[in-house]
Number of protein chains: 2
Amino acid sequence: MKLLLVLLLLLSNVSWARGTGDLGIIIERATGSVKVVENSGNTVLGTITGLGDLSHASAVYSRDARYAFVFGRDGGLTKIDVLSKTLVNRTIQSGNSIGGAISQDGKLVAVSNYKPGGVKIFDTETLDLVADIPATYGEGNLLSKVIGLVDAPDQIFVFSLWDAGETWVVDMKDVKNPVITKFRDIGRNPYDALITPDGRYYIAGLFGEDGMALLDLWNLDKGVKRILPGYGKGQKKLPVYKMPHLEGWAIAGNYAFVPAVGLHEVLVINTLDWTEAGRIPVHGQPVFVMARPDGRHVWVNFAVPNNDTIQVIDSQSLKLVKQLQPGKGVLHMEFEPRGEEVWLSVRDKNKIQVYNTTDFSVKAELYADTPSGIFFTSRAHRIGL
Amino acid sequence: MKLLLVLLLLLSNVSWARGTGDLGIIIERATGSVKVVENSGNTVLGTITGLGDLSHASAVYSRDARYAFVFGRDGGLTKIDVLSKTLVNRTIQSGNSIGGAISQDGKLVAVSNYKPGGVKIFDTETLDLVADIPATYGEGNLLSKVIGLVDAPDQIFVFSLWDAGETWVVDMKDVKNPVITKFRDIGRNPYDALITPDGRYYIAGLFGEDGMALLDLWNLDKGVKRILPGYGKGQKKLPVYKMPHLEGWAIAGNYAFVPAVGLHEVLVINTLDWTEAGRIPVHGQPVFVMARPDGRHVWVNFAVPNNDTIQVIDSQSLKLVKQLQPGKGVLHMEFEPRGEEVWLSVRDKNKIQVYNTTDFSVKAELYADTPSGIFFTSRAHRIGL
């Protein structure tokens, strides 16, 4: 009997054995759980529960594409195994957090915190604390909320201080001695940031003034430069229903496609000189503006009251080529790694839709409880994701 | 006793269960085998034998990052399981072949053949023949050698005909009815080709005349355009010890770094207008010119008699920043997906060296029998690889 149990256990383990390159997770906001999915046959493989408050949650992957690190709003950092579909480890590392990043070598996971303001860095193997970087400013006794945390090449993390208007570059090559380079006066209230797919340019959006703050990580001595003086002007014209996500910037060829703040427009930016190259009128206030992996199309979702719609822009003609209406609460999109299909979470319908990106047909619909973020394991191999 | 055997078998299976995102293979030319490796701890996990003639072999990966399809010179197409480290299936599909590609959706693997000249397309699950595309030309009774086969977005394969001077675009959306678009008179004797990382531009090198043939896959109606009129001129000046591999082009920002044919130079090309932007003198005739994933450095290896050396170019200053001498027969390089380390095969020393790409220190040395190509599973998620 005992032997039979052992056998059954082993059998259940054997069923794990599969490639992990086509796996992913879907955040279920309301239930503090994630669905484990695969994008070859487009199916749900299982559910992992007990991840706490997952509103605004995001995730990064280990370099072997087996483990996800999920950053919850409640300060929870949870390590899950998408192969065995189990929760491996969990730590409440702060009172309120807003995202994280994984180091180039995959050994460190960093979390940016609102409360207490700062960044904590953990060992990805054990979730032991490796470095604690309080976001001090002013006389040194104030702590700033931290936003826009990303990883960069050479074991670097970059993030910005909402209250202080600073960007910090942290070199973690020596984990015992983080080397911090601080850039002050980057602009008032940076609210989010992004890093270009090559890991070279870090760009922070400013809530407190117009324009954005650009840092060239290859030329730190040149300091932070203000770009796109008109960016953010929309704030004064229309109420902003949802701050756009800067991580969602689409880079296609030399153009970046960017959600305009508070306007029904997608901005086109020339990345050669970081000037505005055009504006495309769209259906609502854009939230995520994401390029298909080949850069030929750019998919856009919108803030309420237009969050039932998706628009697709051709990056060559800058014209709309398609409009879809998946339903209320389209919160996130994730392309399969080579771009043939895209997954959309439709929160209010409790479902995921998978579209073919060439003919826009629906290839699959999956059930998920109030789904938001979708994250595929191919992110493990991308800089800044 | 039988139960014990079953148990042992199951146990051995359980030991497979791991993430496949950090796996890879190394081609062992002389022994017709591949080493299965992992790049988190930099170790060899096992050897798979029986793959036939592996001179000039290359490989692509299934979308779940579990199976590799290895293209041998003897026309052998071998499917191996890098998770269980076993040979799954093998077919001798022609008399002489030169590489292959996997479709965007991962369901089709295509092989380009010298003899008989053409492309055969197989089901990745079974290796059953799905389509046979003979490279007919002239009166239709001649068959051309096929080179430069790549995959492109929208289920497309692209390749060129050495004897005919043609480029063919094959749309496989309907596997029963491949739609072939032929471009004639692209130039004499295309010898190799590449596709840009976004899958937009296909560029064939010409052996029979100077210049290269560029096809914009987003604008097929514009036809093939001749670019870089000086490219190939080197042939007249120096004997060419080894034709450079075009697949190795490095794209960093708006520059492409390209091996000059027969010259001790790396060409810099402006990809905005496909004109020459500069030339960098190097140690020998370059073979592979490869960008670190962040594009900041470009690594170059060389043809005999300089194939014991590696040079590293800074893509911003266009200056050499490092020279390494791993030993005779440095045949191939493969960067880890986020670029922190690079693996070099040093054939004549029967070893693989793993370098840190920031401080150029050697992090590991592994034994392999006359190693050549190195292919990591992260290629599964890239267009054209």
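Guide: Start with buried area, the accessible area (1.4 Å probe) that two parts lose on being put together, summed over both. In this predicted model, chain B and chain A bury about 4600 Å² between them, with 53% of it on carbon and sulfur atoms. B:W218, B:R338 and B:H381 supply 20% of the area that chain B buries against chain A, more than any other three residues.

Visitor: What conventions apply?

Guide: Residues are numbered from 1 along each chain as its sequence is written, and chains are lettered from A in the order in which they are written. Local features need pLDDT of at least 70, side-chain atom pairs count only at pLDDT 80 or more, totals for chains, interfaces and linings use all residues, and side-chain values use heavy atoms, with hydrogens and water left out.

Visitor: How many residues of chain B are in contact with chain A?

Guide: Contact means heavy atoms within 4.5 Å. By that rule, 54 residues of chain B meet 54 residues of chain A.

Visitor: How many salt bridges does the rule find across the interface of chain B and chain A?

Guide: A salt bridge is a side-chain nitrogen of Lys or Arg within 4 Å of a carboxyl oxygen of Asp or Glu. Six are found across this interface. One of them joins A:R338 to B:D151, whose closest N and O atoms are 2.8 Å apart.

Visitor: Is B:T357 buried or exposed?

Guide: Buried means under 20% relative accessible area, exposed over 50%, partly exposed in between (1.4 Å probe, protein chains only). B:T357 counts as buried because its relative accessibility is 1%.
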